[in-house]
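I opened my notebook today to look up a few things in a structure with more than one part to explore. Come along and keep the picture open beside you.

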Amino acid sequence: MAVISYREALRAAMREELKRDDKVVIMGEEVAQFNGAYKVTEGLLKEFGPKRIVDTPISEAGFIGLGIGASMLGIRPVMELMFWSFSYVAFDQIVNNAGNIRYMSGGLINCPIVIRGPANGGTNVGATHSHTPEAILASHPGIKVVCPATPYDAKGLLKAAIRDNDPVYVMENTILYNDKGEVPDEDYIVPLGVADVKRVGTDLTIVAHGRAVITSLKAAEILEQEHGVSVEVVDLRSIRPLDEETILASVRKTHRALLVEENKPFCGVDAQVAYLIQSRAFDELDAPIHRVSSIDAPQIYCKRMEDQQLPDVNRVVREALKVLA
Amino acid sequence: MAKPAVLTHPESLKRPAGPSEYAKDPVNASMTKAEKIALYTKMARIRHFEQRCIRIYQQGKIGGFLHLYVGQEAVAAGTISLLGKNDHIITGYRDHGHGLMVGMGMNECMAELTGRVTGCSQGKGGSMHYFAPDKNYWGGHGIVGGQAPLGTGLAYAVKYMGLKGSCLAYMGDGAVNQGAVHEAYNLASLWDLPMIFVVENNGYSMGTSQERSTAHPGCLAKRAEGYNMAWDVINGHDVYEVRAKTALALKRAHEESKPTVLEIFTYRYFGHSMADPDKTYRDKEEIKEYRDKKDPVLAFEQELLREKVLTPELSLKINEEAMAEADKAAVFADESPDPTVADITKHIYWEEDNRGPDTTSRGTIIFE
Ligand SMILES: Cc1ncc(C[n+]2csc(CCOP(=O)(O)OP(=O)(O)O)c2C)c(N)n1
Ligand SMILES: [Mg+2]
């Protein structure tokens, strides 16, 4: 086991898959000569050359669409969006084309494309650069969405995504890029649709994904230390497919649920999870489900306020205590 | 190493810095001494504001992205100095220079960068999202190319209302490859809109030199021909040339209601944003060469000294005052309060901010 950063884990996933399968191509703005806007693809051009690692113009609709088209013929493009916020100019390709072609062709065609990049707030870049579109995208059947929170999951999920025969959208987080964690040296994948219990507990289940997992783990620690509460933290890892059984098993054990995510509240991922719990484990609940999401507004620029707009440890602790009351 | 994009551009090479051929152009020759001094002062203010920002960023008081305009001043200065009351502008995220040119104050601009409630957008927009609609400045847009259709819409509205005006939409050399820009070009031409697309070609989009990003028939502006639009290329270090050629496009907009693409060759001295270490994709020599030979602020100063409009003493005074103004703005930004948590959910909907007997919608619109 090596201890590497989330960024290095993503890079390692791409390196290994580039080596394993010569159909894998990395494409995006500044991914090659500049080594990536966030240095995720650093060194790949040098190692694999310009046929495999391709710089694109600032033409997301064009190059993402091109990647989807190439994937129909068996290329396995791994497209980097500098920010998922920029996916919005390519929305038709990402949703209408990648998401529907298999269905509309009656199963004749599939699109094994991966689109990856950061999707997060918290970096003081304002409303146009801080979108978290996992819920919007996952609401389209035909599309898969994953949100790794740790280096281990980042590598395993990205490798699984690249081998997957459907469109998989990987949402990373710039704030996590430097986080370190243990990652096996040997080949492994994290299958899509398998949640991970990141902390075992008995009194309350927190369901989270992405950086909200890290926030929730910190909150769980405080709840244990200061309030003597044992919290279980379920990291969804994958939004669609969704590991319903792991969520339900945890709730059946703790009988209380708090849902934490960095999305805005309206129809967030937690709305789906809350529906699941009430429909399949209603009798298990000892308290209403609560949630913590971002304050419902476009992302504010002011850093001090943005830190409050996002779910923070204090807010998670406060809300957890309400569920436990 | 990519070959230097700006300095080898044939159009740019044709005109080394020196006395401006365009000094005698009517739009420049007709300027009063005071107007020329005012234009120089504005350019100097942009320069000093931006340089002050670097320090504040390095002190950690500005976060996120900070895209500096240093080196490109003559573009905003030259174009905006020509505009009248029905002429509008809109640009991308490299938007401070345009803001100061339309008359935004250094205080509100600086306070926005540090996220204060006294900022032009009350700390909600940040560096990339300045707005001053009262000064016909419609932003400040973070998504590359997104401003091109918006600007085309402003031009449409001006025409619709029967006004003799225009809109200038600024974008970079990388932005010309966004689909939205092409759609806007077509609409502006198809519908005869009083529109000027200003391509500020500084040679690079982030770390990508212009020849690595764009297929073009000799220059970016020439793409206009595919849309049956007029176009021109301009040496952006010479504010007189910028004014002379922009004036023709404005005339076309005002009198014929026809669009133009202007490509203005310019250069940025700093990294793409403060987050770009700027070490890999261009030579320091390239920067130095432009700075030494074609600095737009110095070039205009020299021009005005030759014309005896400026004296070295006056120039020094102008620059010192601009620096002092930027220093004061930094203090203002420091001393201003932050927005509050309650402010986060304000300004989302017009109707929520203006509840009254005439507002009609019901139901929950901001969710917990
Ligand atoms: C749609 C979209 N894609 C990518 C980006 C990230 N980005 C911001 S500026 C930039 C480079 C733009 O270069 P150019 O158009 O030449 O303008 P300049 O920065 O040189 O002024 C990129 C890739 C973005 N903001 N929006
Ligand atoms: Mg550029």
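**Entry 1: where the chains meet.** I am working with a predicted model, and I began with the interface. Chain A and chain B bury about 3,000 Å² between them, and 63% of that area is on carbon and sulfur atoms. I then asked which three residues supply more of the area that chain A buries against chain B than any other three. They are F34(A), I58(A) and Y301(A), and they supply 23% of it. For the contact I noted 37 residues from chain A and 43 residues from chain B.

Entry 2: How many salt bridges does the rule find across the interface of chain A and chain B? I wrote down two. I looked at R212(B), which forms a salt bridge with D55(A); their closest N and O atoms are 3.0 Å apart. I also noted 16 residue pairs in polar contact between chain A and chain B, counting pairs with both residues at pLDDT 80 or more. Next I looked at the side of chain A that touches chain B: its largest share, four residues, comes from helix α10 (residues 303-309) of chain A. By residue type, that side of chain A divides into 20 nonpolar, 11 polar and six charged residues.

Entry 3: I widened the search to the whole structure, and it gave 47 salt bridges over all chains. One pair I picked out is D187(A) and K159(A), whose side chains meet at 2.8 Å, N to O. D187(A) lies in the loop between β8 (180-183) and β9 (196-199) of chain A, and K159(A) in helix α6 (residues 151-163) of chain A, so this pair ties together parts that are 28 residues apart in sequence.

Entry 4: I followed strand β7 (residues 230-235) of chain B and found six bridges joining it to strand β8 (residues 260-265) of chain B. Do the two strands run parallel or antiparallel? They run parallel. Between β7(B) and β8(B) the chain passes through helix α10 (residues 239-256) of chain B, and this β-α-β crossover is right-handed. I also checked N235(B), and its bridge partner in β8(B) is F265(B).

**Entry 5: two backbone details in chain A.** I found a cis peptide bond joining R240(A) and P241(A), with omega about 5 degrees. P241(A) sits in the loop between β12 (238-240) and α8 (244-254) of chain A. My last stop was N35(A), which has a positive phi of about 65 degrees although it is not a glycine. I located N35(A) in the loop between β2 (24-28) and α2 (44-48) of chain A.

Notes
Residues numbered from 1 in each chain as written. Chains lettered and ligands numbered in written order. Predicted model: local features only at pLDDT ≥ 70, side-chain atom pairs only at ≥ 80, totals over all residues. Heavy atoms only, no water. Pairing = 2+ DSSP bridges. Right-handed = clockwise from strand over helix to strand, strands pointing away. Contact = heavy atoms within 4.5 Å. Buried area = accessible area lost by both parts, 1.4 Å probe. Salt bridge = Lys/Arg side-chain N within 4 Å of Asp/Glu carboxyl O. Polar contact = N/O pair within 3.5 Å; in protein donor to acceptor, adjacent residues only side chain to side chain. Nonpolar A, V, L, I, M, F, W, Y, C, P; charged D, E, K, R; others polar.
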